[in-house]
Amino acid sequence: MIVGRVVGSVVSTVKHPAYTSTKLLLVRPVSLDGAEEGPEMVCVDTVGAGAGELVLVCKEGAAARQVLRKKHAPVRSLVIGIVDHVEAADGRRMIDGRK
């Protein structure tokens with residue numbers, strides 16, 4: 001799993017049937033200091049996240065298909081949580097979910 005920030009949405013009128021009635025988000029990974037890093041990824045939203053929100057992303061296809069209950073769906077990444085903040089063991093807040 002990774003933490004990322006929603007940077008946009010993906011609209012597709014023609015798509016695989018597994019994506020029917022799903023919302024697709026464009027998510028950019030963030031480092032533990034909150035800096036955006038790495039390439040964006042398209043994720044199926046399972047929690048109702050929106051632009052600018054910090055999210056938890058499952059990037060493993062088998063786990064994603066289990067969550068969606070679609071055994072043969074061509075899905076790799078899911079937004080599975082909206083992150084309020086990430087905190088270190090010493091109590092230091094590393095990433096704040098607010099913009």
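Biologist: Is arginine 28 buried, exposed or partly exposed?
Modeller: This is a predicted model, so keep that in mind. Arginine 28 is partly exposed, with a relative accessible area of 22%.

Biologist: Which residue forms a salt bridge with arginine 28 at 2.4 Å?
Modeller: Glutamate 36 does, and the 2.4 Å is between the closest N and O atoms. Glutamate 36 counts as partly exposed, at 40% relative accessibility.

Biologist: And what does glutamate 40 do with arginine 28?
Modeller: Glutamate 40 forms a salt bridge with arginine 28. The closest N and O atoms there are 2.2 Å apart. Glutamate 40 sits in the loop between β2 (23-29) and β3 (41-45), while arginine 28 is in strand β2, so the pair ties together parts that are 12 residues apart in sequence. Glutamate 40 is partly exposed, at 37% relative accessibility.

Biologist: So what do Arg28, Glu36 and Glu40 make together?
Modeller: Arg28, Glu36 and Glu40 are linked in a network of salt bridges.

Biologist: How many salt bridges does the count come to?
Modeller: The count is 4 salt bridges. One of them joins arginine 92 to aspartate 90, with the closest N and O atoms 3.5 Å apart.

Biologist: What do β6 and β7 form?
Modeller: β6 and β7 form a hairpin, with 5 residues between them. Glycine 91 is in the turn and has a positive phi of about 90°. Strand β6 covers residues 85-87 and strand β7 covers residues 93-96. They pair in the antiparallel sense over 3 bridges.

Biologist: Which residue is the bridge partner of valine 86 in β7?
Modeller: Isoleucine 95 is the partner of valine 86.

Biologist: Switching topic. In what order do the 5 strands close into a barrel?
Modeller: The order is β1-β2-β3-β5-β4, and the pairing is mixed. The twist averages 55° from one strand to the next.

Biologist: Do β3 and β5 run parallel or antiparallel?
Modeller: β3 and β5 run parallel, joined by 2 bridges. Aspartate 45 has valine 79 in β5 as its bridge partner.

Biologist: And in what sense do β4 and β5 pair?
Modeller: Strand β4 (residues 54-58) and strand β5 (residues 78-82) pair in the antiparallel sense, over 4 bridges. Cysteine 58 stands opposite leucine 78 in β5.

Biologist: What holds paired strands together, in general?
Modeller: Strands of a sheet pair through backbone hydrogen bonds.

Biologist: Back to cysteine 58. How many disulfides does the structure have?
Modeller: A search of the whole structure finds 0 disulfides. Cysteine 58 is in none, and the nearest cysteine sulfur, that of cysteine 43, is 9.5 Å away.

Biologist: Are cysteine 43 and cysteine 58 buried or exposed?
Modeller: Cysteine 43 counts as buried, at 0% relative accessibility. Cysteine 58 counts as buried too, at 10%.

Biologist: Which residues make up the largest nonpolar core?
Modeller: There are 9 residues in all: Val6, Leu25, Val27, Met41, Cys43, Ala49, Val55, Val57 and Val79. β2, β3 and β4 each supply at least two residues of this core. A second, separate core has 7 residues, including Ala18, Tyr19, Leu24 and Val44.

Biologist: What does methionine 41 touch?
Modeller: Leaving out residues up to four places away in sequence, methionine 41 touches Ile2, Leu25, Leu26, Val27, Pro29, Val57, Lys59 and Ser77.

Biologist: Last one. Where does serine 77 lie?
Modeller: Serine 77 lies in the loop between α1 (61-68) and β5. Serine 77 is buried, with a relative accessible area of 8%. Beyond four places away in sequence, its contacts include Met41, Cys43, Val57 and Cys58.

Methods: Residues are numbered from 1 along each chain as its sequence is written. This is a predicted model: local features need pLDDT of at least 70, side-chain atom pairs count only at pLDDT 80 or more; totals for chains, interfaces and linings use all residues. Side-chain values use heavy atoms; hydrogens and water are left out. Two strands pair if DSSP finds at least two bridges between them. Axes are lines fitted to C-alpha atoms, for helices over the stretch in contact, and angles run from 0 to 180 degrees between N-to-C directions. A disulfide is a pair of cysteine sulfur atoms within 2.5 Å. Buried means under 20% relative accessible area, exposed over 50%, partly exposed in between (1.4 Å probe, protein chains only). Contact means heavy atoms within 4.5 Å. A salt bridge is a side-chain nitrogen of Lys or Arg within 4 Å of a carboxyl oxygen of Asp or Glu. A nonpolar core is a set of buried Ala, Val, Leu, Ile, Met, Phe, Trp, Tyr and Cys residues joined through side-chain atoms within 4.5 Å.
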